[in-house]
Protein chains: 4
Amino acid sequence: MTSPTFTGVIPPVMTPLNTDGSIDFDSLKNLVDHLITGGVDGLFALGSSGEAAFLTRTQRKEALRTIVEHTAGRVPVTAGIIETTTPRVLELVKDAQEVGAQGLVATAPFYTRTHPVEIEEHLRKIHAVAPDLPLYAYNIPVSVHSNLEPEMLLRLAKDGVLAGTKDSSGNDGSIRALIEARDDAGLQDSFKVLTGSETTVDFAYLAGADGVVPGLGNVDPAAYAELARLCLAGQWDEAAVLQKQINHLFHIVFIGDGARMSGSSAGLGGFKAALKHLDVISNSTMAAPHQALDDAEVSRIGEIVDAFLYRPEV
Amino acid sequence: MTSPTFTGVIPPVMTPLNTDGSIDFDSLKNLVDHLITGGVDGLFALGSSGEAAFLTRTQRKEALRTIVEHTAGRVPVTAGIIETTTPRVLELVKDAQEVGAQGLVATAPFYTRTHPVEIEEHLRKIHAVAPDLPLYAYNIPVSVHSNLEPEMLLRLAKDGVLAGTKDSSGNDGSIRALIEARDDAGLQDSFKVLTGSETTVDFAYLAGADGVVPGLGNVDPAAYAELARLCLAGQWDEAAVLQKQINHLFHIVFIGDGARMSGSSAGLGGFKAALKHLDVISNSTMAAPHQALDDAEVSRIGEIVDAFLYRPEV
Amino acid sequence: MTSPTFTGVIPPVMTPLNTDGSIDFDSLKNLVDHLITGGVDGLFALGSSGEAAFLTRTQRKEALRTIVEHTAGRVPVTAGIIETTTPRVLELVKDAQEVGAQGLVATAPFYTRTHPVEIEEHLRKIHAVAPDLPLYAYNIPVSVHSNLEPEMLLRLAKDGVLAGTKDSSGNDGSIRALIEARDDAGLQDSFKVLTGSETTVDFAYLAGADGVVPGLGNVDPAAYAELARLCLAGQWDEAAVLQKQINHLFHIVFIGDGARMSGSSAGLGGFKAALKHLDVISNSTMAAPHQALDDAEVSRIGEIVDAFLYRPEV
Amino acid sequence: MTSPTFTGVIPPVMTPLNTDGSIDFDSLKNLVDHLITGGVDGLFALGSSGEAAFLTRTQRKEALRTIVEHTAGRVPVTAGIIETTTPRVLELVKDAQEVGAQGLVATAPFYTRTHPVEIEEHLRKIHAVAPDLPLYAYNIPVSVHSNLEPEMLLRLAKDGVLAGTKDSSGNDGSIRALIEARDDAGLQDSFKVLTGSETTVDFAYLAGADGVVPGLGNVDPAAYAELARLCLAGQWDEAAVLQKQINHLFHIVFIGDGARMSGSSAGLGGFKAALKHLDVISNSTMAAPHQALDDAEVSRIGEIVDAFLYRPEV
């Protein structure tokens, strides 16, 4: 049995909630179907967009189990194992293994001040307990406040510890530099680079990236599937046009009023409001202390969705 | 029954580990005795210095239970409930209640981007489920990357949500400004301000602070007890002299080589090496991915301890 | 007479120095010829790469005069007016006018803490004294520690204050968002967007940018001219291949040892060493307190230049 | 002739302006008298509070000349030489020498990215051209975005390059650590440490500092003179009481509305409004692009001054 490769469009699956904060499993299953029908290549459960930082360990495991079981092999499923430090991450590895995740995605340690040497050891220890699961390093400085250095990533790639990286640094130049260094080292077959930037997927593909993990892909998976297809076909002008349409849809993350909520509330709230507007999920409840969008904001989000959602021509 | 007040010297109790990463309960009990014998006024379990971010939920609860039970009412014990977001913190509140903690210490949400409105709601929700436990807000920007604003703290104090704050911002001017605003609002009896800065305790007391939560107090509780006594007695020159001696002892946190470890490894590692040197704990194992000090570093730490540990004159 | 438009490849002209720190005017003229011969569309004097922050006001004016006079209208010349605050920038505007610069490039105020309202007033006051010179706002957070917000830029564009922006934020997603907002506002004819990122020029053009201000363009102007040509022709795959070659040349900025010099010394030093290797300038002296590259570093830079400089096929 | 020592209360002299932005020399002379009459120990011209970053080189020199001449030896005068890099700072050194400044105060380079090695060379080059003028290193990370490391400062002290430092880091713990390291190195006679924090002067003195450079000292020099006297006399409780009164006066810097102005506008504007209220200066004009306080804000500042200005009991 060979490990699945996580390339192409791998959306970070959101976690629909009931109004009491419990997981809305029916909506979660609908969302999984929405994504797979939309043409995605894999699913990333328990990422930042999945509100993993807001779910208890039990909730995380149940969400992951539902995603894995309902996906039923249609596409591979990888699991975020986002926790502060090694001992706590290793618990999540065990949970992921028990429910059948086919890959792992780990960040640098956080809350604690950390060091490149420590980050490297952290990733090595994770791989050591789950050598059969492809491990992707998740570069997300905005959340963990440290950066994963290219030299370290490629050393771990060479040693077989990492199968890839998801880069949410927002720095397309850095992603390209990583890809160039990877290619110069001849690691392009064993180390995959996915961008986490929804609005510059064409850039990433033009630079040689292997895929994208778009939060907005929860709302419009078909747009990203088509965008990836255009990029792989070298139809860059068409890709840029579609990317521009997607970027107008992306405005749903800026509707929530920054005077009373964080970018996380506005962004994930925007995604959930759009999914409810599309009848994919039953309600747009956010986990505490996320703040809710108001009616006018939700209405505006619906208008944006109606205007910019990708609709393949028949 | 009245709630305990957490003032004076409240060290953040470290968590001694066995070499396999499990908790060394015997050493933990010795440490509790060392602290209480040293004259501290209370204990803060599961703080940053307690490696809370490196302990599983089960380990946290067992460490807290041991501290509470072994303390046996000699001093009050408050518990850190350090987690990313509200649903996860509320689980820890339940754990703390079950093992008998007499207070709670909560940070702002982390990993997620957060907003002052969300931080305030977060703290209100915690208090709502544990109204009988005094809740202290833990201001630690270096770990959570947001700051607790004085206006919010005092509003929550006025509403009875907060009983105090532990400020580890490292900004003594801000702590003083908070104290002045508190006093101007007439909240000095109900809202206590503790500094987390080991090296400026005299400053904090001079400004009207109510106590200190010194990581270094694990090593030298008697020094901090005496320092607090001198401050309360208005013997500021003597206090400054003792503070200076303590600050030389504090150099143990700078011995670990920054080229191969974080400030957390060097700092907490320095404390653990000192505690082992003093025979308080059995070994100085750190949780992964913390890096270990080498023999020369440990030896240097022992020398510093021998030179600067407070020894009351008889 | 109409104002020139600064689009296409506009390198920030370096300032060659004699070993005593005075300007090497002969080398400067050679550099101007090297750039124009290489096919650039305009010149940006007194930018960050021109070591403007290291030149006295007299030196700045003389360097600018030499560039303008030696260019002699072959391409338009725009001038950086980089100073802390409005009164000091206005002095530089006068100098630029006196020596015949055809455009101005201004940053946000720095050293002082500033505010968006103040940045906007700053730019308006500059335009008011030089209404005939196209004014570009220079977004360079790494130097001035504030960001120019798209809303402000487009408001100033609409009011005729700004003719464009040079964006050195390093954030290609932000540049694209600015371009999209500009196009949505119908300002594409009057407000030009130039990227300052040497390694992602194809990205910028794909998103609709109007040009690039590449420091590395001092060394290899022909490569950037060809890259821009490929982008404008929609030959994106060929563009990406050339961009990749350029990015390998860009490694000259990383050769200087970070243990003994800043990124500015390594980067600008790398450019100067390459220009000397190519016999464009006489020596690679840097202004104090910039640190010099050592012989091995200079030699390595020469090798990189030999390997990756663009050589048009005949 | 021996060099003056800059210790005690050394306010950073503000620069009063006429409404056209020119220097109001009469008000400047009144301010100098106000400060000396208030009991200060020296004057620091052309600092951040002197709006040095907003003055042209000519204005700086004229302001400095006026301060030196009008002071006429009553107290020593030191001059800020705040510029981006070495060649530009050296011009200011010459200006300062020409008008008779008795000391120099230099920051790390700014705008450019810099490196500790470069900062050290920068300071050494300054001292080399003005060996007879005591040179103080000005640590102001909020403006220059780098920190002056204690090891470097003490190395430069030992080599006779630096005579002291003004620390505006806002970190009292760091200032204390510097003082302790200085004392351990036996450099307390040759290297003086001044704090730039208006609200924690008692802390600094308790830790062994030699003085303070208080922007608020422009408004209330007598308060700081008395505060320093109490500290030197070991009357710490009385000092803390006076410091608390001063800190209430300091609220004038928070009155300006942060929605329409920077902290610099609000802070320096607050000082100028207070000085006008006290009839020390003729008007409160700020240099562009500083924003003006409105009437209600100015009125509120007057009330605060009336309530909290120090009035020695007779």
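## Helix packing in chain D

Contact here means that heavy atoms lie within 4.5 Å. In this predicted model, H34(D), L35(D) and G38(D) of helix 1 of chain D meet P221(D), A222(D) and A225(D) of helix 9 of chain D.

Helix 1 spans residues 25-38 of chain D and helix 9 spans residues 221-232; their axes come within 8 Å and cross at roughly 25°. Angles under 35 degrees count as roughly parallel, and helix 1 and helix 9 of chain D are therefore roughly parallel to each other. The crossing of helix 1 of chain D past helix 9 of chain D is right-handed.

## Annotated active site in chain A

An unreviewed UniProt entry gives the annotation "active site" to Y138(A) and K166(A). The two positions are spread over 29 residues of sequence but cluster in space, with a largest C-alpha distance of 4.8 Å. Their side chains are joined by a polar contact of 3.1 Å.

Y138(A) belongs to strand 5 of chain A, residues 135-139, while K166(A) belongs to strand 6, residues 164-167. Because buried means under 20% relative accessible area, Y138(A) at 2% is buried, and K166(A) at 6% is buried too. Beyond four places in sequence, the residues that Y138(A) touches include F44(A), S48(A), I82(A), L148(A), K166(A) and S168(A), together with Y111(B) from chain B. With sequence neighbours up to four places away likewise set aside, K166(A) touches F44(A), Y136(A), A137(A), Y138(A), N139(A), L194(A), G196(A) and V213(A).

V213(A), a contact of K166(A), is listed by UniProt under "binding site" in an unreviewed entry. V213(A) sits in the loop between strand 8 (211-212) and helix 9 (221-232) of chain A, and is buried with a relative accessible area of 3%.

Leaving out residues up to four places away in sequence, V213(A) touches I10(A), P11(A), P12(A), F44(A), K166(A), L194(A), T195(A) and G196(A).

## Surroundings of Y138 in chain D

Y138(D) lies in strand 5 of chain D, residues 135-139, and counts as buried at 2% relative accessibility. The side chain of Y138(D) makes a polar contact of 3.1 Å with the side chain of K166(D).

Apart from neighbours within four places in sequence, the contacts of Y138(D) include F44(D), S48(D), I82(D), V105(D), A106(D), T107(D), A108(D) and L148(D), as well as Y111(C) from chain C. One of these residues, A108(D), is 30 residues from Y138(D) in sequence, and the C-alpha atoms of the pair are 7.5 Å apart in space.

## Contacts between chains

Y111(C) also takes part in a polar contact with S143(D): its backbone oxygen lies 3.0 Å from a polar atom of the S143(D) side chain. S143(D) is found in helix 5 of chain D, residues 141-144, and is buried, with a relative accessible area of 8%.

Other chain pairs do not meet. No contact joins chain B and chain C, whose closest C-alpha atoms lie 12 Å apart. Chain A and chain D do not touch either, and their nearest C-alpha atoms are 12 Å apart.

Note on methods
Residues are numbered from 1 along each chain as its sequence is written. Chains are lettered from A and ligands numbered from 1 in the order in which they are written. This is a predicted model: local features need pLDDT of at least 70, side-chain atom pairs count only at pLDDT 80 or more; totals for chains, interfaces and linings use all residues. Side-chain values use heavy atoms; hydrogens and water are left out. UniProt positions are given in the numbering used here, feature names are shortened, and annotations may be inferred rather than shown by experiment. Helices (H or I, at least four residues) and strands (E, at least two) are DSSP runs, numbered from the N terminus. Buried means under 20% relative accessible area, exposed over 50%, partly exposed in between (1.4 Å probe, protein chains only). A polar contact is a pair of N or O atoms within 3.5 Å; within protein, one must be able to donate a hydrogen and the other to accept it, and residues adjacent in sequence count only if both atoms are side-chain atoms. Axes are lines fitted to C-alpha atoms, for helices over the stretch in contact, and angles run from 0 to 180 degrees between N-to-C directions. Angles under 35 degrees count as roughly parallel, over 145 as roughly antiparallel, 65 to 115 as roughly perpendicular and the rest as oblique. A crossing is left-handed if the near helix is turned anticlockwise from the far one by less than a right angle, and right-handed if clockwise.
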